Amino acid sequence: MTPVVEVANLKKHFPLNSSLFARHAAMVKAVDGVSFAISPGETLCLVGESGCGKSTVGKLLLRLIEPTEGAIRLHGEDITHLSVGDMRPHRKRMQMVFQDPYASLNPRLAAGRIVSEPLENYSDISPKERETRVAELFEKVGLRADAMKRYPFEFSGGQRQRLGIARALALNPAVIIADEPVSALDVSVQAQVLNLMMDLQEELGLAYLFVSHDLAVVEHIGHRVAVMYLGKIVELAAKEALFETPLHPYTQALMAAAPIPDPHMTRQRIVLQGDVPSPINPPPGCAFHTRCPFAFERCRIETPALKPAADGRHVACHLVD
Ligand code: SF4
């Protein structure tokens, strides 16, 4: 099956020094050689500490920022270097759900108009058909029809996120990039929004790239999980395998730091030393070696490649060779 979306060796390096006389501008390697594919009806979660590059991957995918290197394919078609005009038909197929639903909704527009906007901009259906489609979308996300006349400030956080999802669905996308879509919501509301997203995925065959730092949320919604550290994927695995037996020491440390809902369960504790190193000048060899409790000589010299390992997963660690 052709993946809905596929990225190969994607890189985004931001120059730091814009001085005309600087011979070699320092680079922030926000994303440094990331590859993955997402199938229809699948959720790939990107996890990692803040600053690991996971949100930048989402922006690259949507072509909101230009990649430094690598390729982005949508339904097998290379869209990496398409002009704004040539990207237009593809934009409909890729939509975004944002972290802060309030900030992402125009406060001066009524809810019905907010959901109708993408249809006005990207489709040529009649006003009557638009009205019908908007009513359908409100129903799909569990909002009452009379909510169309209300303004964003009149909705609760969860309802606003439902509105954001309705707007994202308006053009029948194939893939939705959701960047921390429930992290601004109360815990009690988070599950409702996640369940809605899962129901919509099943009904519409949507592919999700789900960016999150919250492992409980990832465990709820993900099919596969890619763990990022300093711009690279260090482990990519099916959710069950990753949560049962994380292989990369960084994944193990993230799991150890996450709260466990069952008081009878224990986990091996791996406490990370120090902060995430700067992406301007990442450590040589394995970028995690400055914090890894298992680091040995080879780790300081040789960068581990992301290689196939047990259970169909991929791991970048010399211990998993
Ligand atoms: Fe730790 Fe070495 Fe594996 Fe990196 S390659 S995660 S430093 S053991």
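**Close-up views of a predicted model**

**View 1. Glu131 sits in helix α4, which spans residues 127-140.** Helices here are DSSP runs of H or I with at least four residues, strands are runs of E with at least two, and both are numbered from the N terminus. Glu131 is exposed, at 52% relative accessible area; exposed means over 50%, buried under 20%, and partly exposed in between, with a 1.4 Å probe and protein chains only. The model is predicted, so to speak of local features takes pLDDT of at least 70 and side-chain atom pairs count only at pLDDT 80 or more, while totals for chains, interfaces and linings use all residues.

**View 2. Tyr229, Tyr250 and Phe288 make up one aromatic cluster.** Rings of Phe, Tyr and Trp (its six-membered ring) pair if their centres lie within 6.5 Å; planes under 30 degrees apart are stacked, over 60 edge-to-face, and the rest tilted. The structure has three aromatic pairs. One of them joins Tyr229 and Phe288 edge-to-face, 5.0 Å centre to centre with 80° between the planes. Tyr229 belongs to strand β9 (224-229) and Phe288 to the loop between α9 (249-257) and α10 (297-301), so this pair ties together parts 59 residues apart in sequence. Tyr250 and Phe288 are also edge-to-face, at 5.2 Å and 65°. Here Tyr250 comes from helix α9, so the pair links parts that are 38 residues apart in sequence. Tyr229 is buried at 3% relative accessibility, Phe288 at 2% and Tyr250 at 0%.

**View 3. The ligand is surrounded by 13 residues.** The closest are Cys286, Cys292, Cys299, Cys317 and His318, where near means a heavy atom within 4 Å. This shell divides into 10 nonpolar residues, three polar and no charged; Ala, Val, Leu, Ile, Met, Phe, Trp, Tyr, Cys and Pro count as nonpolar, Asp, Glu, Lys and Arg as charged, and the others, Gly among them, as polar.

How values were computed: Residues are numbered from 1 along each chain as its sequence is written. Side-chain values use heavy atoms; hydrogens and water are left out.
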